[in-house]
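Subject: Handover of a structure

Dear colleague,

Please find the sequence and the structure below. I would be grateful if you could read the notes that follow with the model open beside you.

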Amino acid sequence: MARLARRALHGLFVLFGVSVLSFVLVELAPGDFYAEMRLDPRISEATVRALRARHGLDRPLPERYLRWVASLARGELGYSFAYGTPVAPLLWPRLRNTLLLTGTATAAAWALAIPIGVWWASARGPAVRRSLSVLMATLLAIPDILLALALLLLAVRTGWFPAGGMTSVGYEQLSRAARFRDVVSHLVLPASALVLCVLPALTRHVRASMASTLEAPFVQAARGHGIPEWRVVFGHALPAAANPLVSLFGLSVATLTSMSLLVEIVMSWPGLGPLLLEAILARDFHLVLGLVLASTVLLLAGNVLADVLLLAADPRIRAEET
Amino acid sequence: MKLPRKLALAASALAGVHFAALAAGFLAPYGPTEQSRAWPYAPPTRLHFFDEEGHVHLRPFVYPLADDETRAGGYREDRSQRFPIRFLVRSPATLGGPGEGWRLFGVDEPARVFLLGTDGFGRDQLSRLLHGARISLFAGLLATGISLGLGWVLGTVAGFYGRWTDTLLMRAADVFLALPWLYLLFAVRAVLPLHLSADQAFLMLVLVIGLVDWARPARLVRGLVLSARERNYVLAARGFGASDLYLVRRHIAPQTFGVLLTQAALLVPQYILAEVTLSFLGLGVAEPVPSWGNMLAALQRYHVLSSYWWMWAPGLALVPVFLSYSALSEALHSRVGPASP
Amino acid sequence: MSDEPLVTIRGLTKRYRRRAAASSAPVEALAGVDLTIERGRVLALVGESGSGKSTLARCLVRLEEPTSGEIHYEGTEVCSLRGEALRAFRERVQLLFQDSAAALSPRLTASEIVSEPLEILGRGDAAQRRRRALELMETVGLSSAEADRRPLDLSGGQRQRLAIARALALKPRLLILDEAFAGLDASIQAQVAAVLQDLRRREGLTYLCISHDLALMSVFADEVAILFEGRIVERAEAARLFAAPAHPHTRALVAAVLSVPPLAEATATS
């Protein structure tokens with residue numbers, strides 16, 4: 001518990017650091033949203049100045065930061081000039097969608113990586129090991145952008161899956177069950193893209209971890225006792241091999257969150273990614289700031305989850321606490 | 001032994017690709033921005049060795065393209081004329097081309113040799129691929145240099161001086177590592193001007209990609225420096241009055257080079273992909289200068305995605321490059337030791 | 001030779017903060033050590049592991065700073081030396097580390113290791129340094145054939161002698177030997193001891209020999225001081241201390257030694 005509290009505190013500190021870093025970064029940008037407006041001869045200089053003053057853009061840096069933090073406390077996260085609303089309401093639905101995508105992809109990736117990795121580690125014949133090795137190496141070399149585009153091609157050519165977006169036209173008219181099915185059918189391709197990108201690295205690590213555990217004396221002993229192989233592998237070896245894998249979990253969340261940015265854009269999944277691109281093109285810095293923070297929160301949440309899992313999985317760490 | 005052979009293969013593949021990129025002006029039959037407006041989305045020109053009568057020609061030839069009346073926007077081969085491939089042609093200055101100079105191969109007018117087809121503006125994809133390789137591949141290399149350089153300096157300072165410097169730097173590293181990498185990259189890109197010339201864009205990409213990712217190499221180097229610093233022979237040298245600079249130069253730095261090399265093999269493909277991603281989304285190198293990223297952007301349109309398979313070339317070209325770097329990093333890993341924490 | 005002690009240590013204290021548990025009291029490695037080292041003699045500092053011996057050695061050569069106390073070398077206060085004066089002091093006093101393998105950089109050749117101090121201080125060019133390195137190696141009984149070999153290719157005894165040669169490069173007056181004999185076979189110990197004694201006689205060196213091996217020190221050293229829980233609890237001529245220990249801790253140490261080692265006959269100084 002104390003460890004979790006310490007981690008949470010550390011996370012908050014990091015979040016603070018990230019906010020300062022992002023804010024300073026944004027402030028370094030040449031010109032702000034209203035710079036474009038100034039070039040328009042129909043809008044007078046006075047109007048621009050008034051607009052800037054209204055949004056507090058002419059105040060010194062620390063003051064602007066504090067105002068922004070205050071708006072954070074109000075739940076606003078600053079003001080989006082391109083959309084004309086506070087940033088926060090724009091973020092929530094997007095954050096939810098990204099969470100849906102990344103969460104599903106993480107679960108699916110691990111659900112596949114563990115059995116494949118275990119199989120790879122415990123396979124007797126070299127043929128299985130060689131072919132998996134080649135398959136994973138090849139998959140690793142295919143960049144995520146290519147995978148996303150390839151899956152999109154699959155959708156366009158075969159029509160088995162919708163080619164992008166999260167919901168179909170006429171979504172509102174559907175029943176709850178149909179709506180669920182609709183979202184799922186849209187989720188398959190982007191999630192698959194993410195899973196395929198991350199699978200090689202995960203399975204490799206699972207294999208490595210399992211391979212060394214399977215050599216351990218206690219595993220040999222279990223076999224010697226006549227315990228069936230599958231039980232040895234899943235009941236004895238896997239839990240022991242779990243520790244480094246749980247640390248990997250946090251890393252996989254980070255990678256997936258990062259990759260989801262591109263996949264969302266290519267496949268038009270309405271998450272944080274496409275909004276970030278729009279915000280950049282519109283020079284809407286507060287929105288950029290909010291989105292970057294949202295993605296950081298996702299990542300930190302993933303790390304906390306990893307810690308909880310680690311605590312649950314490894315009795316040694318639990319003992320350290322008591 | 002299998003390992004050196006795979007390593008040799010990977011290394012020569014990489015060397016070949018980079019050489020081809022550097023020699024793009026010579027190897028490419030056309031200029032990267034040279035347009036043949038009459039032939040948008042032309043499929044790859046086929047090379048023939050056998051003509052209509054069944055005679056063999058040692059020198060391959062092509063048939064000129066003509067519009068196919070039966071399909072809108074389609075092409076067929078005009079079999080009435082043959083144009084042999086000429087080697088070492090001297091090409092005149094053309095609009096959008098790199099000017100007068102020698103080319104490895106070409107064909108006489110009005111035929112064209114589009115070995116990888118053309119895009120919507122009738123630009124030869126092979127030429128663009130070769131010229132684009134310069135940007136994408138070298139952006140990755142240069143960014144890696146910057147990232148490892150900065151990471152090495154900061155990691156050595158943190159590990160060597162310890163205490164406050166170390167704490168400060170590692171906390172800063174925590175902050176940088178807390179951001180999903182691509183998001184951080186985008187955020188930094190966001191604050192820079194949107195419209196940059198090709199040279200500026202290249203420089204910007206290299207700097208941004210390289211500077212943003214210092215934290216991981218820094219952490220690695222710091223760990224190594226911390227343990228090296230405590231070795232008795234370092235203490236002995238200190239006992240002789242060695243300066244900090246001497247200790248780093250003579251004893252500590254050499255310990256870090258192996259790991260840096262392994263990291264480099266891991267980072268270069270990542271950074272190439274970063275350039276490709278940014279250019280793909282219009283945040284990197286802009287038209288008309290080709291980079292593998294902005295070339296792939298054409299695939300965002302469904303009809304291009306599904307009908308014109310040759311437009312996938314830049315994406316497919318990445319695969320052997322990544323495979324080679326992967327093999328390289330494995331070989332280095334087994335020789336040097338673990339690279340990732 | 002003057003009667004003034006070479007080194008005078010008064011009230012030397014060193015406290016460490018334990019990093020593992022935040023709430024525990026600091027560890028006192030040295031708790032007010034008073035010690036003098038006489039010129040041209042061998043003083044052994046004996047204590048069990050954790051008694052603070054290495055800490056004392058490091059403080060003496062300014063690899064660590066004491067929490068409080070004074071160290072005087074030939075009348076000069078050591079702990080406040082800086083810059084040029086510190087550099088000059090470092091030439092006078094040299095520390096020989098415990099684990100010779102760890103004390104020699106695995107990347108350098110033997111002659112490079114020996115000439116490193118000269119290189120650091122910028123004395124002479126490469127050719128001159130190599131010549132001096134070979135001279136020094138000869139002094140400790142290493143042939144020039146070993147000059148281009150790496151430490152890991154040498155035996156334990158050879159490595160130890162190499163470390164000694166390096167320590168001699170700057171012509172020190174005082175050598176601090178931190179567990180110079182630990183981990184060596186008895187015959188190698190005899191070899192190294194012989195080299196050291198020979199050197200001392202020829203160059204007029206002073207030794208502070210730190211060890212946990214009371215039996216060995218009783219024959220190698222002139223005087224023995226016992227360090228117990230950060231303080232000097234007894235000091236006497238070697239033979240007398242062994243024969244009639246006064247402090248209960250000394251008595252315990254002596255009792256732990258089963259017999260006088262055969263080394264006594266081989267290296268007994270008369």
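Predicted model: local features only at pLDDT ≥ 70, side-chain atom pairs only at ≥ 80, totals over all residues.

Residues are numbered from 1 along each chain as its sequence is written, while chains are lettered from A and ligands numbered from 1 in the order in which they are written.

Contacts between chains

Two residues are in contact if their C-beta atoms, placed from the backbone, lie within 7 Å. Of the 2 pairs of chains in contact, chains A and B share the most contacts. Their contact takes 38 residues from chain A and 33 residues from chain B. The chain A side divides into 31 nonpolar, 6 polar and 1 charged; here Ala, Val, Leu, Ile, Met, Phe, Trp, Tyr, Cys and Pro count as nonpolar, Asp, Glu, Lys and Arg as charged, and the others, Gly among them, as polar.

The contact of chain C with chain B takes 18 residues from chain C and 14 residues from chain B. On the chain C side, α4(C) gives the largest share, 3 residues. By class, that side has 11 nonpolar, 2 polar and 5 charged residues. Chain A and chain C do not touch, and their nearest C-alpha atoms are 13 Å apart.

Chain C

Chain C has 11 helices and 10 strands; these are DSSP runs (helices H or I, at least four residues; strands E, at least two), numbered from the N terminus. Buried residues make up 42% of its 270 residues. A residue is buried if 20 or more other C-beta atoms, placed from the backbone, lie within 10 Å of its own, exposed if 12 or fewer, and partly exposed in between.

Strand β3 of chain C

Why is strand β3 (residues 42–46) of chain C described as largely enclosed by the rest of the structure? The reason is that 5 of its 5 residues are buried. V42(C), A44(C) and V46(C) lie on one side, and L43(C) and L45(C) on the other.

Two strands pair if DSSP finds at least two bridges between them. β3(C) pairs with strand β8 (residues 206–211) of chain C in the parallel sense over 5 bridges, and V46(C) stands opposite S211(C) in β8(C). Strand β9 (residues 223–228) of chain C also runs parallel to β3(C), joined by 4 bridges; there, the bridge partner of L43(C) is E223(C).

Yours sincerely
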